[in-house]
Amino acid sequence: MSQIQVIPRISLTWLLVAQVLVILPHLSHLPLWVIGLWLGCAAWRVQIFRMRANYPSTLLKLGLMIATGCGVFLSRGSLIGLDAGVVLLVGAFILKLLEMRTRRDALVLIFLGFFVVVTAYLFDDSITAALYSVLPVTALLAGLIGLQQSSLASRPWDTAKLAAGLMLQALPIMLLLFVFFPRIGPLWSLPMPGGNAVTGLSDSMTPGDIADLSRSGALAFRASFDGEVPPRTELYWRALTLDRFDGRRWSQSSALNYSPSPDWQKAGDPVSYSIVMQPSSQPWLFALDVAETSLPQTRQLSDFRLQRSKPVERSLLYQVTSWPQALREPHGSSTGLRRALQLPANVDPRSRQWARELRQQYPQDEQLVNALLKHFNQQPFVYTLRPPQMSRDSVDDFLFDSRRGFCAHYAGAMTFVLRAAGIPSRVVAGYQGGEYNPNGNYVQVRQFDAHAWVEYWQPDRGWVSVDPTFQVAPERIESGLEQALAGEESFMEGSPFSPLRFRKLAWLNQIRLAWDNLNYSWQRWVLGYQGAQQLELLQRWFGRVEARELIISLVGGGALFLAFIALWLFKPWIRNGAPEQRLFSQFERLLRRHGIYRKAGEVPGHFARRAAIALPRQAPEIIQFYRSFEAQYYAGESIDPKLLRSQLRQLRRALPLRLSRLDRQQ
Amino acid sequence: MRRKLEACLEAVNQVLLGKEPQVRLALACLLARGHLLIEDLPGMGKTTLSHALAKVLGLSFQRVQFTSDLLPGDILGTSVFDKDSGQFTFHPGPIFAELVLADEINRATPKSQSALLEAMEEGQVTIEGATRPLPDPFFVIATQNPVSQGGTFALPESQLDRFLMRLSLGYPARGAEKALLLGDSRRALLPQISAVLDHSELAAIQAEVPKVRVSDALVEYVLRLVEATRTQPQFAWGLSPRASLALLAASRAWAYLAGRDYVIPEDVQAVLPSVVGHRLRERADPSGHGGSTLVQGLLREVTPL
Amino acid sequence: MIAAVQARWNRWLTRRLPASSRVRLTQRRIFIVPSKVGVMFLLALTLMLLAAINYQNSLAYALTFLLGSVFIVAILHTYRNLSGLVLRAAGANTVFVGEHVRYQVTLESLNHAHQAISLGFADEPPLIVDVPPQASTPAELSLLTTQRGWLKAPRMRVESGFPLGLLKAWSWVDLDQQALVYPQPIAADLPPVMASVGDEDEQGLRVSADGADDFQGLRSYQAGDSRKRLHWKAYSRGMGLLVKDFASLGGSQTCLDIAALSGDQEYRLSVLCYWVLQYTERHQPFSLRLDDKQIAADTGDVHCQACLRALALTGLSQ
């Protein structure tokens, strides 16, 4: 049996290749020492393969295992949890290859490899990652095939080709399973990969934070509208509100989470759309005002934002319906309004003074707001991502000295002044605008679309949104940040080679948009293909969804595909031989039905004569057919299958369907 | 022409009772311009068959009894000094007959055997530097005792290959033997046989035989047979291309004798045992005589279609 | 109980897979189930599916389904790897008791290739062969012999897990092969020379070409000649392979008679077997007399084979 246990060369080759392919996508989040361990073990394994080194001793193996465990504990702080688990898994995968000796070891290695590929999906599930993973899976399958091949097989490529062929043939059934296999919610909660910092809005804001975001071209979310896409200037995507100001920083008050849902009245036409958002590690969702969603475990907080019970760690698809003209909290809540008037003591005296002056000048709240906006519009305010340093009284500095800043400055300053004037108001953080992608009819919103604006409360009118930035730099709202900063070159300073910087090159832009569209479809239809999406699709196809139909479709479809593959593999229609030969087989089959078999090695002539003797009544037809057959097949007469066929037909007609025994013996 | 061939067979069968298939094969062998090896115990009518064949075909006949002291010169001929002319004159040996019966060829030494076989192969003999052509037609019937009999030199495989066919006459059927016992001495009948064919007719027939049509399908069958001997492990070695050519030639002659101008698988099967039986050996027993069982296996397992 | 089940199983197999010297593996003859590795694979897939469900990860779902589908497709491939394969009996060698019989089997492909076919009797380690497309591959299965007579080859297991090893397709094939097993030679003193009973006259000194006593001369080598008699010196001189020819003077011949021996039947046969081999090696003629058979005096391989065969089969019903 020992000979069977040895791992064939081809298998070993492919397993070595597979190891590289499997580990590559993990490189970004593996600690450095694991990579060192990997390179060392791989080099050792290759030396064993070349008979220049021995297998590690049991003691050494044990040592390596313990060392790996300790290493994981040191670098990840624990041995459980997803991050540590993945490192452990990769470590086991690396060590297993080193000690791999028998086929059983190889099988364990291959199964471990599949698991490592699965864990890679938890970190990166983009379309490229998915396509890439075909490579390690093929290599692992090739390794598995190689284990079965006898030592005679010597061409690794053939093995890989076979593996790829198997996968290709499995593809239709896999798609069927993917579409029809019922999706259920998580059975128990599992740790998610974390630690990789996500750029995006946070729950507190200094002006500089948004300036940082504006350097990033990373995607925040995409939105597909069921109908017309609303004009850009109306696309104010609310994320959260910031209602606490400590003199420098706007943040959200913790009380918000416990407040009851606000009351609001639907008005005007609703807008329906779906959003696929990128992982943000934050619990809030993005939506236009005022939004309702069917997403489970999500509720509307008192500041009208949507918030999930858990942070968004993976791409998330949700459906939203918004009523832009809804009346929000026309009666207000006393605690909420009190929070919307909070100001820190002893800062920005000039601004407070100015607010008092404005209040005296404009007793009406709306007049005051308009005057304030006019002030921003008419005074020499500059929209820039490079504002000067501010002193302790940041609002004073901005309003009266520098007058240079961007949305966060304008929103912060305006809220400050409104509060100082006794009007309840707060800063809304979110995104504004987005890029319309005509390929897929959706809007994509990136980090540099981050924006801050203001909403203030009026009795009976409720909360009203207002955007001071629009007064200063209307192009920011109408066409986007890049236009607003056209002269400044501070747009996306951090990433000089991002394709977003080359939007002016039409063809490049076209490719970029198409690629983005592909990614979006991938997210919506593949990554987002979970319970709700599946239900919706199946309902669209079948009208209603019942287990019976699902099973029938799954089994029936699978059987159909299998039948196709079987046909393709076995090719039953391919018969060997010339047409005459096939006709002779028909002749044989015809006679076989009447108990006359051609013996092994019997020549056609002898068989025909025997048949003629056994079936004397049909002898003329039998002999006639044989004569023509001989003439065409051996005597070199022109081949005429038609003649043979017609003679065969005559014989068939002459033969009764079933021959009585009497007939045969005559 | 074919009627004459039938008459030939008829005449030979008169002399050699109950051996129609063998006589027919022998004639086919001759028509295919091949040589014949008859392997049998003494007294089974080998000599009678050869003699009768020579008679009906109008061929000159010589018989050489091979013994262990036979020298090559005894077969090929020698130059003898003629006192009258003062020169060497060549006395042709028995090989210069048109039909030579080499009786009990395995009794002679290998040297004498090869002298005959080389002459058969080349159609000419070289004696003392002079090359002399053999007559046309030239047909050798060699007989051989089964090897298990003591005191013989069995022909090596390479030499066996030079015979187109190997036949075994076997014991006559009971009825035929009774007729043999009751009737005249068969040898006595021999002088009564008259030639049916003359030289030109025989030459014409021999020229006709290669024109017998062999279809593609039939060649495929022959190829399958040959391939089977080369690939199946029970064969010690496969058939040579010479053997496949021989098989085709013999099948043509057989078809011609049957009055057809094309070959059908029946013809191949009819000549196969005689043509390949002596060229095959079982792997398990390369010195033995597994040939005939192997041929039966071939006939059974290689499909004619 | 087990024996009864076994017997029923054997009967069923015989009905379903009758013995034949040429067997083509078809749908009726091939069985297929997941192998141990396959079950492990399915367990691993279940784990992956659990991970996919808990992480709600579509790609993990996709990979799980892909591997599951590969498993399903592999059923067809594994079946196909065996289907259409033709097995043909190709004889067996004859051996003495205690040696291994080698049954020759030819595996033939009629169309596609058959890879990694394992072939073996139930208890013996299997042999692994590849059969290229439209070609044939010889294989040799050995079996230890324990008693003389005809040894029928047991059913052989033809199995393949190719391509993935997750499933195994197999068939039990009976190629109706048998091998002749001679008795085990047991060394014993050669019997005293006895006058053979026969009509051979006393002085009839026959010169037998195959003897061992008197050097007669050299002759050219022919297939089947003993290697021991090759005249190597002549060969080294470039004179080709020559054989030293001996003749023996046959005198009174030895008769090996089973009745002259004592002991149990098998032992006596073994001794006779040894003697037959000894005399053949010495090129001495001998005759053999068994309870139910008598073989006249002769010498040479053919005679030896005939005697051994008689020894192997005596007292056994065919």
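I started at Q618(A), which is buried at a relative accessible area of 8%; buried means under 20% relative accessible area, exposed over 50% and partly exposed in between (1.4 Å probe, protein chains only). I placed Q618(A) in the loop between α22 (604–614) and α23 (619–633) of chain A. Helices here are DSSP runs of H or I with at least four residues, strands are runs of E with at least two, and both are numbered from the N terminus.

Before going on, I noted that this is a predicted model, where local features need pLDDT of at least 70 and side-chain atom pairs count only at pLDDT 80 or more, while totals for chains, interfaces and linings use all residues. Residues are numbered from 1 along each chain as its sequence is written, chains are lettered from A and ligands numbered from 1 in the order in which they are written, and side-chain values use heavy atoms, without hydrogens and water.

I listed the partners of Q618(A) next, leaving aside neighbours within four places in sequence. They are L651(A), A654(A), L655(A) and P656(A). Contact means heavy atoms within 4.5 Å.

Then I went to V271(C). This residue lies in helix α5 (residues 265–282) of chain C. V271(C) counts as buried, at 1% relative accessibility. I found that V271(C) touches I186(C), A188(C) and L261(C), not counting residues up to four places away in sequence. I checked one of these pairs by C-alpha atoms: V271(C) and I186(C) are 85 residues apart along the chain, with a separation of 5.1 Å.

Next, the interface of chains A and C. I read 54 residues of chain A in contact with 42 residues of chain C. The two chains bury about 4,700 Å² between them, 77% of it on carbon and sulfur atoms. Buried area is the accessible area (1.4 Å probe) lost by two parts on being put together, summed over both. I looked up polar contacts: ten residue pairs, both residues at pLDDT 80 or more. A polar contact is a pair of N or O atoms within 3.5 Å; within protein, one must be able to donate a hydrogen and the other to accept it, and residues adjacent in sequence count only if both atoms are side-chain atoms.

The largest share, ten residues, comes from α8(A).

Last, chain B. I found 13 helices and nine strands there. Of its 305 residues, 53% are buried.
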